[in-house]
Amino acid sequence: MQRAQLGETGIPVSRIGLGLAALGRPGYINLGHGSDLGAGRDPEAMRRHCHRMLDLAWELGVGYFDAARSYGLAEAFLGDWLRRTGHAPAVGSKWGYTYTADWRVDAERHEVKDHSLRVLERQWQESGEQLGPSLRLYQIHSATLDSGVLEDPAVLGRLAAIKTGGTAIGLSLSGPRQSETLKRALAVQIDGVRLFDSVQATWNLLEPSCGPALDAAAGAGVGVLIKEALANGRLTARNQDPAFAAKRAVLAAEAERFGVGLDAFALAAVLAQPWADVVLSGAAGEAQLRSNLAALDVTWDAQAADACAALAEPPEFYWQTRAALPWN
């Protein structure tokens, strides 16, 4: 698989990485997630399934894996796999959310956000215990302007100390104000040194609004990772919403032209962006992962770009739609 370097961090990454949001807990908001896991949702069954996915991803050349403290047992599953296999991929994880669903898909709240120093200290220790030296990147999970985390001197100072210890520091973004949050984050300096080495943002054919901000960040040497490139399944054949029919027809025609599925075509759109170092696959099944990786064989062209130009939604509508997706 094609390789890249994550910004100026020196961390080697594969162009497509595997995110574990849908593999470390029994419920997630991707369309059809429940059918991907079938009846095997107890922790041990999910551990075995996650390991099979990690084995396949590694075999197919995936060299970057993304987790978070709130992804159920994702860090534990990944850590067990790392110790069992001896493989040495680059791993990124995130702090700031705590998993609270107690392994229930129908939980009232699946995770609780807290960007305090107390949570950082606890979760940094927990992540390190699970992932060991493979943990190369530690990110604030869904930093927003209203959370106050980018103005908290205690948290920022602790992150700077972690960075001094050799772990790159990043942040992930969410919501319609991603660009504003990123601009604020890149202005954060500790002792004259920019704190954040990378950003993980949502960019896809329905929500491309932060593209210019990501381009500017990459130009400044910041690593760029893209999450939710398939819009939680809305950019796949699983989206049968009648209101999406016209857009689905555009995607299907272009995907057919390249001989790939809708998912691979949508992922190829991200890979075509010159500022993107890594695009994360959120595959929860082996067939999905193989289909996603076909994006590497797509040679993006002007026709594809022109055909997709009208697919974008207003950011507020996109994020409202995402917030209404059910856990399954």
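What follows is a conversation in questions and answers about this model.

Mentor: Before we start, note that this is a predicted model, in which local features need pLDDT of at least 70 and side-chain atom pairs count only at pLDDT 80 or more, while totals for chains, interfaces and linings use all residues. Residues are numbered from 1 along each chain as its sequence is written, and side-chain values use heavy atoms, with hydrogens and water left out.

Trainee: In what order do the 8 strands close into a barrel?

Mentor: Helices (H or I, at least four residues) and strands (E, at least two) are DSSP runs, numbered from the N terminus, and two strands pair if DSSP finds at least two bridges between them. In the barrel the pairing is parallel, and the twist averages 25 degrees from one strand to the next, where axes are lines fitted to C-alpha atoms, for helices over the stretch in contact, and angles run from 0 to 180 degrees between N-to-C directions. The order of the 8 strands is S3-S4-S5-S8-S9-S12-S13-S14.

Trainee: How many residues of strand S5 are buried?

Mentor: Buried means under 20% relative accessible area, exposed over 50%, and partly exposed in between, with a 1.4 Å probe and protein chains only. In a regular strand the side chains alternate between the two faces of the sheet. In S5, Ala-90, Gly-92 and Lys-94 on one side and Val-91, Ser-93 and Trp-95 on the other are all buried. Strand S5, residues 90-95, is therefore largely enclosed by the rest of the structure, and the number buried is 6 of the 6.

Trainee: Which residue in S5 is the bridge partner of Phe-65?

Mentor: Strand S4, residues 64-66, pairs with S5 in the parallel sense over 3 bridges. The bridge partner of Phe-65 in S5 is Val-91.

Trainee: Which residue in S13 stands opposite Thr-202?

Mentor: Thr-202 belongs to one face of S12 together with Ser-198 and Gln-200, while Val-199 and Ala-201 are on the other, and both faces are covered. On one side, strand S9 (residues 168-173) pairs with S12 in the parallel sense over 3 bridges, and Leu-171 stands opposite Val-199. S12 is also joined to S13 by 5 bridges, the two running parallel, and there the residue opposite Thr-202 is Lys-227.

Trainee: Is Gly-96 buried or exposed?

Mentor: Gly-96 has its place in the loop between S5 and strand S6 (97-99). Leaving aside neighbours within four places in sequence, Gly-96 is in contact, meaning heavy atoms within 4.5 Å, with residues including Val-112, His-115 and His-141. The C-alpha atoms of Gly-96 and Ser-142, 46 residues apart along the chain, are separated by 7.9 Å. With a relative accessible area of 0%, Gly-96 is buried.

Trainee: At what angle do the axes of helix H3 and helix H4 cross?

Mentor: The contact is made by residues including Leu-78 and Leu-82 of H3 and Glu-126 and Leu-131 of H4. Its residues divide into 4 nonpolar, 3 polar and 4 charged, where Ala, Val, Leu, Ile, Met, Phe, Trp, Tyr, Cys and Pro count as nonpolar, Asp, Glu, Lys and Arg as charged, and the others, Gly among them, as polar. The axes of H3 (residues 74-85) and H4 (residues 117-131) come within 8 Å and cross at roughly 30 degrees.

Trainee: What kind of aromatic pair do Tyr-318 and Trp-319 form?

Mentor: Rings of Phe, Tyr and Trp (its six-membered ring) pair if their centres lie within 6.5 Å, and planes under 30 degrees apart count as stacked, over 60 as edge-to-face and the rest as tilted. The structure holds 9 aromatic pairs. Tyr-318 is buried at 1% relative accessible area, and Trp-319 is buried at 9%. Their centres are 5.2 Å apart with 85 degrees between the planes, and the pair is edge-to-face.

Trainee: How many disulfides does the count come to?

Mentor: A disulfide is a pair of cysteine sulfur atoms within 2.5 Å. Cys-308 is buried at 5% relative accessibility, and the nearest cysteine sulfur, that of Cys-210, is 17 Å away. By this rule the number of disulfides is 0.
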